[in-house]
Amino acid sequence: MRNDTATIAVYPGDGIGQEIIPATIEILKRLENHIGGFTLRFDHYDAGAAYYRETGRDISDEAFAAGGEADAIFLGAMGLPDVRHPDGTEIAPHLRMRDVYRLVAGVRPVKAYPNTPARLADPRAADIDFIVLRESTEGLFYSRDKGEIVDDKVAYETLRISRDVTEELCDFAFDLARHRKERGGKGRVTCVDKSNVFRAYAFFRKVFRERAALNPDIIADAAYVDAMALDLIRKPWEADVLVMENMFADILSDLGGGLVGGMGMAPCAEIGKEHALFQPAHGSAPDIAGQDKANPTATILSGGMMLEWLGRRLDNPKLIEAADLLEDAVTRAFADKALRPMEYGGDQGCTDATRAVLSYIGNNPAT
């Protein structure tokens, strides 16, 4: 049943999160006013390293619960280098959100936009457009807070791969590839693992093959993670949807960000059956926080992913229209060199970069 109002729990977090989140919300509200047919309600909550430094907690129970009650979660960057738990690990309440709200599918797009840094000399690099699909609740990250150090001599962490989570992830991968194929994509899913060495990854690939058999309209193949790292440098334009375990995807998604300019171009969605969280994949960048130097592009693109997910979730095509318009605005702003983030040697900080995107939302493009 169509719903015209979406409630979004917002956690700006630390560092530049306090800048890029308000900037993106300004763009989302402009889209709401320009297109009509939906209302976005943003409810803000404190969480992260600065909050932990003040209170001894990374997030309050009330703020955490609000994420589960909202239609979507919108997160800024979390963490500060000088704030850690007693065991030395980062302050990261969003990792707990992944587990509690079962955000199995971490969608990390890697796409080349016009006039952004070309890290590869091959002209085909302009066609890079693939997804690193990260299992976000188990894998090696399952061992977070469970690892063991014995007598200061040896340390253990446990990797977990379960059938139900892997089936859900693979089904999501094939649905995503099908959706991309409808828009001109390759219609291909590649399982990335290390199944030649580890039983857990052999099991992951086995489940993948089972789900692939249920989706004969989509090409299914597999690669070892080390070979995929090589191919993402040699021929990343051939990739489509790459599905893999948590740690492998954490690493390869950053490699992907590097291919298309940097982490300022790395949006992220973490999606489950009932909940979804959207955030940039980069960190809090405390070295430039408060100086209006941040690149908001990854957060803006994450906001677009949120609009599309909400549109499908709430059966509201106006939200999907807004997502398409936002993607088009970012693309045209880069193509016309109206969007010039400082991260890539340009002259625009967060404020001016946001204005550049805003100027392309409406009937008249920027001049």
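## Surroundings of histidine 275

In this predicted model, histidine 275 touches Gly67, Gly68, Tyr101, Leu103, Glu270 and Trp309, residues up to four places away in sequence being left aside, where contact means heavy atoms within 4.5 Å. Histidine 275 sits in the loop between strand S11 (267-271) and strand S12 (276-280); helices (H or I, at least four residues) and strands (E, at least two) are DSSP runs, numbered from the N terminus. With a relative accessibility of 18%, histidine 275 counts as buried, given that buried means under 20% relative accessible area, exposed over 50% and partly exposed in between (1.4 Å probe, protein chains only).

The model is a prediction, in which local features need pLDDT of at least 70 and side-chain atom pairs count only at pLDDT 80 or more, while totals for chains, interfaces and linings use all residues. Residues are numbered from 1 along each chain as its sequence is written, and side-chain values use heavy atoms, with hydrogens and water left out.

Helix H3 (residues 61-69) has Ala63, Phe64, Ala66 and Gly67 among its residues as buried positions. These cover an arc of only 150 degrees around the axis, which puts them on the same side of H3; the arc is that of the directions from the helix axis to the C-beta atoms. Exposed residues Asp61, Glu62 and Glu69 are carried on the face of H3 that is turned away from its buried side. The cover over the buried residues of H3 includes strand S1 (5-11), strand S3 (72-75) and helix H4 (93-100).

In helix H7 (residues 225-234), the buried residues are Val225, Met228, Asp231 and Leu232. Down the axis of H7 they fall within an arc of 110 degrees, so they line one face of the helix. An α-helix has 3.6 residues a turn, so residues three or four places apart point the same way. Packed against the buried residues of H7 are strand S5 (129-135), strand S8 (188-193), strand S9 (219-224), strand S10 (241-244) and helix H8 (246-259).

## Pockets and a cavity

The largest pocket holds about 1,200 Å³ of space. Here the search runs on a 1 Å grid over the protein atoms alone: a cavity is a set of points where a 1.4 Å probe fits but cannot get out, a pocket is an open set with protein on both sides within 12 Å along at least five of seven lines, and lining residues have an atom within 4 Å of a point. Grid points are joined across faces, edges and corners, and a volume is the space filled by probe spheres set on the points. Of the 39 residues lining the largest pocket, Ile131, Leu176, His179, Arg180 and Glu308 are the closest to its centre. Two or more lining residues come from each of strand S4 (105-111), S5, helix H5 (163-182), S11, helix H9 (297-313) and helix H10 (317-335). By class, the lining has 18 nonpolar, five polar and 16 charged residues, where Ala, Val, Leu, Ile, Met, Phe, Trp, Tyr, Cys and Pro count as nonpolar, Asp, Glu, Lys and Arg as charged, and the others, Gly among them, as polar.

The second largest pocket, of about 860 Å³, is lined by 35 residues, with Glu90, Ala92, Leu95, Phe141 and Arg144 nearest its centre. There is one cavity of 30 Å³ or more; the largest cavity holds about 40 Å³, and its lining divides into six nonpolar residues, two polar and one charged. S4 gives the largest share of that lining, three residues.

## Salt bridges

The count comes to 35 salt bridges, each being a side-chain nitrogen of Lys or Arg within 4 Å of a carboxyl oxygen of Asp or Glu. Arginine 211 and aspartate 171 meet in one of them (2.9 Å, N to O); because arginine 211 lies in helix H6 (residues 199-213) and aspartate 171 in helix H5, the pair ties together parts that are 40 residues apart in sequence. Arginine 211 is buried at 18% relative accessibility, whereas aspartate 171 is partly exposed at 25%.

Glutamate 308 pairs with arginine 312 in a salt bridge whose closest N and O atoms are 3.3 Å apart, and the two are four residues apart in helix H9, about one helical turn. Salt bridges that share partners join Arg163, Glu167, Asp171, Lys206, Glu210 and Arg211 into one network.
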